[in-house]
Amino acid sequence: MKGGALLFRAVLAGCLGVLILAPELFIGLFRWLNRPDAPPIYPYDSLLWLTVSHLGLVLIATSAGAIVAIAAAIFVTRPSGAEFLPLSRVLTNTGQTFPPVAVLALAVPAVGFGVAPTLIALFLYGLLPIFENSVAGLQRVPEQITEAADGMGMTAGQRLRKVDLPLALPLIVEGIKIAMVINIGTATIGSTVAAKGLGEVIIAGLLSDNMAFILHGGLIVGLMAVLFYDLMGYFENFLKRRLGLTGSGD
Amino acid sequence: MITIEDVSKIYGTMVAVDHVSMSLEPNSITVIVGTSGSGKSTLLRMINRLIPPTSGRILINGLDTASLPATELRRRIGYAIQGHGLFPHYTVADNIATVPNLLGWPKARIAGRVEELLTLFHLPPETFAHKYPHQLSGGQQQRVGVARALAAEPELLLMDEPFGALDPVIRAKAQDDLLDIQRRFGTSIVLVTHDMDEAFHLGHRIAVMKQGKLVDFGSPTTILTEPKDPFTSQLTGTLDRSLKLMSLKQLADFAVPGDTIGAETLPATLSLRDALAEFVWRGLKVASVVDSDGRQLGQITLDALLAQGRRP
Ligand SMILES: Nc1ncnc2c1ncn2[C@@H]1O[C@H](COP(=O)(O)OP(=O)(O)OP(=O)(O)O)[C@@H](O)[C@H]1O
Ligand SMILES: [Mg+2]
């Protein structure tokens, strides 16, 4: 990575750290945005705690989504499950087109307020990108390679573990990256049903017309998404290089 | 010894392989030729059951291949395909070790075998063992593919157009390496190719397929001189059949005693075709035949040479 790009990322990461751990450093900016009588920094909860809780929700829901999506992708790309591929596509796509607010509204009567409806919504949003990418990755394993694996006497399970999954991994990781980024943003609406997260700061800002809160919460969420996307991109490229997919290895 | 008994493969209404019966001699190379779509690959893949036959049986040393679990059968049969199919995320050494690993060989035995094969294929282990396939040239990848197919010391090796993607120089080298290795290990090989020169160069037996049927099967000389089907002559080509015939014979077998003082020398390992080329190039009427140590085996005259290319 070039020096300039590295410096830019370091600055972004530094800003994120300050916004979470020492927002007082930006107090001048926040004060300038607000009416003089409004608090410039969210006073009701520690931002570190909100960030941890926010990321925790995203991680739990996306991991669960990843497990289900990858398992489903494996199933529909085996000969025995091939007929379920179109159906499963419809299901995951429907999950995605449902507005998140509607998912919450439907989930709350069933599971109550708090963490549960938010996890359900985030789980559903993570499914589609991970499923689609995993299916594409598994289908794109070159036929010569699968034929060689079969021809040498690998069982179906051995081929899956030793050949299909490792070769599909870059695309699966990309799917997880997309799901995480979507969910880091989407998790903010969890605060409308009382799940702890950074949405709380933004919503408080909207309700009390506090520009500083909105900007503060929004910046943390946005920076986390951008930095996470970037980091996973590097991981993906590393995997692709390992597999010789980019040509120039070392 | 492989016996193919009345084997057919039918896809819907498409007959890919049509009642093929043949016996393959052990320790020999059988080459299957035929036009595209004639069922060569299908027949080959039925031997290791990548494709289940619609009817018929295939026996290896008297044992019906259908009586073994498919994975066990395949681990005992080497398989090399065009474009090699190497695993891109495995090192060269791990690629070669695939089947020994599946068979649960001890680590030391696997390492020894990998090193032996790399050396045999002119890929020094210290340089190549830890490389990844994408770091190799096409010719090197192909050699690793064949080494991998031979790793578990199979008695039988199936090859589907293994040299199809190589340039002519590398291809000739790969063919000679294969002949060396076949002689050294005594492996039986069934090889599919489009290239008739390759078929004549490698094959002890040549099988000709047309629209799923086996229309001819015999030694290269028989195929050339006594074709059982017009399609065979079409495939072998009639224009240069005399030269093809001469390419199957070695100078060593035609040297006769005679006065060769002052005559130019030719190595005994030369084929008659290559010897003829030398005669033409150097304007010879007679040549002295010598072995690799320069010892004289006899002589051959231009007339004697030409007689060997004549219709039998
Ligand atoms: N899975 C399949 N379903 C239907 N038809 C098939 C299938 N596999 C092969 N065929 C048909 O069977 C015939 C023989 O195919 P095969 O691959 O054995 O030919 P081939 O001699 O190896 O040809 P090539 O030289 O082009 O490799 C072809 O006409 C092909 O279209
Ligand atoms: Mg073929």
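Residues are classed as buried when their relative accessible area is under 20%, as exposed when it is over 50% and as partly exposed in between, with a 1.4 Å probe and protein chains only. The structure is a predicted model, in which local features need pLDDT of at least 70 and side-chain atom pairs count only at pLDDT 80 or more, whereas totals for chains, interfaces and linings use all residues. Residues are numbered from 1 along each chain as its sequence is written, chains are lettered from A and ligands numbered from 1 in the order in which they are written, and side-chain values use heavy atoms, with hydrogens and water left out.

By the burial criterion, B:Q141 is buried, its relative accessible area being 17%. This residue belongs to helix α7 of chain B, which spans residues 138-150; helices (H or I, at least four residues) and strands (E, at least two) are DSSP runs, numbered from the N terminus. When residues up to four places away in sequence are not counted, B:Q141 touches B:H84, B:L86, B:P133, B:H134 and B:L136, a contact being defined by heavy atoms within 4.5 Å.

Helix α1 of chain B (residues 40-47) is likewise mostly covered, with six of its eight residues buried. These are B:K40, B:T42, B:L43, B:L44, B:M46 and B:I47. Just after this helix, B:R49 adopts a positive phi of about 60°.

Strands β1 (residues 2-11) and β2 (residues 14-24) of chain B pair in the antiparallel sense over seven bridges, where pairing requires that DSSP finds at least two bridges between two strands. B:E161 is placed in the loop between β7 (156-160) and α8 (168-185) of chain B and is buried, with a relative accessible area of 17%.

Nonpolar cores were taken as sets of buried Ala, Val, Leu, Ile, Met, Phe, Trp, Tyr and Cys residues joined through side-chain atoms within 4.5 Å. The largest such core holds 60 residues, of which B:I96 and B:F121 touch the most other members. Leaving aside neighbours within four places in sequence, B:F121 is in contact with B:R143, B:V146, B:A147, B:L150 and B:I181. A second, separate core of 28 residues includes A:L16, A:V58, A:L122 and A:L198.

Chain A contains 10 helices and zero strands, and its C-alpha atoms fill a box of roughly 75 × 50 × 25 Å along the principal axes. Of the 250 residues in chain A, 45% are buried. Among the contacts in chain A with a separation of 6 or more, 75% are accounted for by residues 24 or more positions apart. The accessible surface of chain A, computed by the Shrake-Rupley method with a 1.4 Å probe, comes to about 12200 Å², of which 72% belongs to carbon and sulfur atoms.
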